[in-house]
Amino acid sequence: MPRRSPRTGLTRLGRYLAGHRVRVSLLALVGVCSAAAPVSALLVVQDAIDHGMRDHNRGRLGRDVVVYLCINALAWVLQTTLVRGLASVGQNVVLGLREDLFDHLTQLSLRYFSQQKAGWIIARLTSDVDALSDVLSQGLTTLVVNTLTLCAAVVGLFVLDWRLGLVALVILPPTLILSRWFQKRSHAAFLRVRETISSMTAQIAESVSGMAVIQAFNRERAFLAEFDKANWANRRTNTHAQWLNSLFFPGIEFLGAIAMVSVLWVGGHMLGAGTLTIGTLVSAVFLLNLVFQPLQELSDLYGQVQSAGAAMEKISLVLDTEREIRDAPGALRLPRIEGDLQIDKVTFAYGREPVLHAIDIHVPPGGCLALVGESGGGKSTTAKLVGRFYDPDDGAVLVDGHDLRTVELRAYRRQLGVVLQDPFLFAGTIADNIRFAHPDASDEQVADVAHAVGVDRIARRFERGLAHEVREGGAGLSAGERQLISIARALLADPRILILDEATSNIDRPTEILIEQALDRLLRGRTSIIIAHRLATVRRADQILVVEHGRVVQRGPFAELLATDGPFRELAAQLHGSEAAALQSTPEPAVGSRPRSSARAVSSEPE
Ligand SMILES: Nc1ncnc2c1ncn2[C@@H]1O[C@H](COP(=O)(O)OP(=O)(O)OP(=O)(O)O)[C@@H](O)[C@H]1O
Ligand SMILES: [Mg+2]
């Protein structure tokens with residue numbers, strides 16, 4: 001890592017402190033006083049020995065004792081204020097930082113989340129912010145208190161006796177050299193410790209979410225081996241860091257001992273020559289301790305600060321990621337939309353290779369369009385562009401004639417409903433999940449939509465009905481149940497445009513009937529794009545588009561497509577084949593006579 005990078009991180013951190021300038025200045029003042037206190041207390045000790053004890057001046061001795069006690073009591077109060085104040089400032093910074101980080105994350109595009117490992121992102125918000133938190137809450141105090149104490153002690157030493165001060169300074173060069181060596185090494189070591197922690201977090205996150213697959217394929221050992229590697233790497237780097245500590249801190253202590261011996265030796269001679277008092281010597285010895293202890297603590301802190309700088313640098317990687325999808329300046333706040341949807345020659349690539357090639361689609365208000373086609377053809381991608389999860393590389397998506405890039409995202413999404421291919425449910429009750437888009441909805445409204453799409457029927461199976469607790473991601477529910485709940489969620493949001501990415505999974509017949517009925521209810525009176533994998537769903541569309549390799553290869557209404565020899569007929573035969581097998585019903589392609597959506601009444605536009 002380049003040397004200046006941790007510093008860039010620290011500069012950013014400084015910006016978070018900027019809001020607390022007054023408080024920090026006041027605390028700095030408290031810090032100066034609290035550092036001066038023990039030093040001045042030692043000057044009182046000198047006075048007590050030289051004038052109180054040696055001159056047998058009881059009054060002076062008594063006064064010195066009282067002053068000494070008062071100074072120390074004051075120091076106590078000051079230290080408490082300082083520690084509490086700095087910790088509170090530090091935690092405010094951490095609070096603001098975490099908030100910014102999370103806020104920024106929620107605004108990043110789906111592209112970011114599909115490219116970045118979840119564990120990596122989690123590590124930024126957890127272990128990296130923790131590293132900063134440590135430094136800010138404890139480190140800030142250590143830094144302020146020790147720097148000031150060090151300076152005060154050196155000054156105090158010179159005030160006491162400049163000759164002893166000079167003697168003590170003799171060991172300064174080796175101390176600085178040793179500190180420099182330690183700082184360099186420990187910086188690198190701390191960076192490696194951070195990296196190993198972060199890679200462990202990433203692995204844990206991935207394993208937890210993929211545990212079913214890991215166990216199903218007997219990969220526990222392989223994952224454990226992989227984890228062990230990271231765990232051992234962490235052990236190695238940590239032990240190395242401790243080894244550095246074990247050299248440095250006793251080293252500093254030894255240098256301190258040398259300084260002490262030098263001061264005692266020189267001081268002893270001066271005492272013999274009568275140019276030094278015993279009180280000065282005793283106080284100097286104590287003051288020397290006030291020089292070396294902070295020196296040790298500061299060096300220790302240096303590693304922590306470096307590691308926090310490195311953490312901040314990583315956090316910055318997230319904070320500096322551009323929000324790809326954002327409102328243009330002066331974006332239009334869409335009023336209630338009619339629902340005219342136009343995808344105008346849209347070309348789009350996730351990476352370099354386009355997955356959509358000049359796609360042209362028009363759905364009139366209230367119309368229902370179905371996208372069918374082989375896996376990987378680009379159906380879900382088209383849906384994501386309509387939801388403006390991505391912007392097209394070429395062409396435009398227009399709603400009521402407005403390019404999506406020129407409208408306010410929130411106002412648009414409020415009128416948009418999405419049922420994703422893999423519907424995600426959050427930890428909470430079924431009712432909470434339905435209420436997701438519309439948190440103020442009353443229990444009755446929730447119960448109504450639940451009834452309308454048949455969620456109440458599946459909920460009846462649970463003891464607590466709609467209050468049944470769903471686990472994160474919808475674990476504990478079947479794919480069909482998840483889909484139904486997500487349909488209810490979309491229905492409650494009452495969108496003008498609806499995107500439904502149907503799950504491919506085979507759904508049992510009763511659930512399928514439920515879903516079909518739910519769709520009837522959901523699609524009524526709205527513009528909809530449905531991505532269908534079952535004929536029953538496809539049939540309800542006014543217009544069907546067959547998408548292959550990112551291109552529309554055939555379009556038209558159901559009956560017309562079926563009558564033409566083309567890709568749709570092949571697909572229908574396949575779809576029907578699987579459905580027929582599932583249903584064990586008649587081989588006729590146009591399945592059944594299930595009641596269907598009124599959306600078909602809307603004429604399909606000529607294209
Ligand atoms: N986040 C992504 N990053 C990169 N490529 C992607 C991403 N999502 C999809 N793709 C690629 O884009 C192409 C179209 O994918 P898309 O999900 O739109 O297919 P689909 O038609 O919905 O398929 P299915 O019927 O299996 O759901 C595929 O080749 C896929 O590999
Ligand atoms: Mg898909």
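**Exercise 1. Which residues surround ligand 1?**

*Solution.* The model is predicted: local features need pLDDT of at least 70, side-chain atom pairs count only at pLDDT 80 or more, and totals for chains, interfaces and linings use all residues. Residues are numbered from 1 along each chain as its sequence is written, chains are lettered from A and ligands numbered from 1 in the order written, and side-chain values use heavy atoms, without hydrogens and water.

Step 1. Take every residue with a heavy atom within 4 Å of the ligand. Ligand 1 is then surrounded by Ser 114, Tyr 350, Val 355, Ser 375, Gly 376, Gly 377, Gly 378, Lys 379, Ser 380, Thr 381, Gln 421 and His 533.

Step 2. Assign the shell to helices (DSSP runs of H or I, at least four residues, numbered from the N terminus). Helix α11 (residues 379–386) gives the most, with three residues.

**Exercise 2. Identify polar contacts of ligand 1.**

*Solution.* Step 1. Search for pairs of N or O atoms within 3.5 Å. A polar side-chain atom of Thr 381 lies 2.4 Å from a ligand 1 oxygen atom. For the side chain of Ser 380, an N or O atom is 2.7 Å from an oxygen atom of ligand 1. Gly 377 contributes a backbone N or O atom at 3.2 Å from an oxygen atom of the ligand.

**Exercise 3. How many bridges join β1 to β2?**

*Solution.* Step 1. Strands are DSSP runs of E, at least two residues, and two strands pair if DSSP finds at least two bridges. Six bridges join β1 (residues 341–349) to the antiparallel β2 (residues 354–363).

Step 1. Ala 349 stands opposite Pro 354 in β2, and a hairpin of four residues joins β1 to β2.

Terms used:
Polar contact = N/O pair within 3.5 Å; in protein donor to acceptor, adjacent residues only side chain to side chain.
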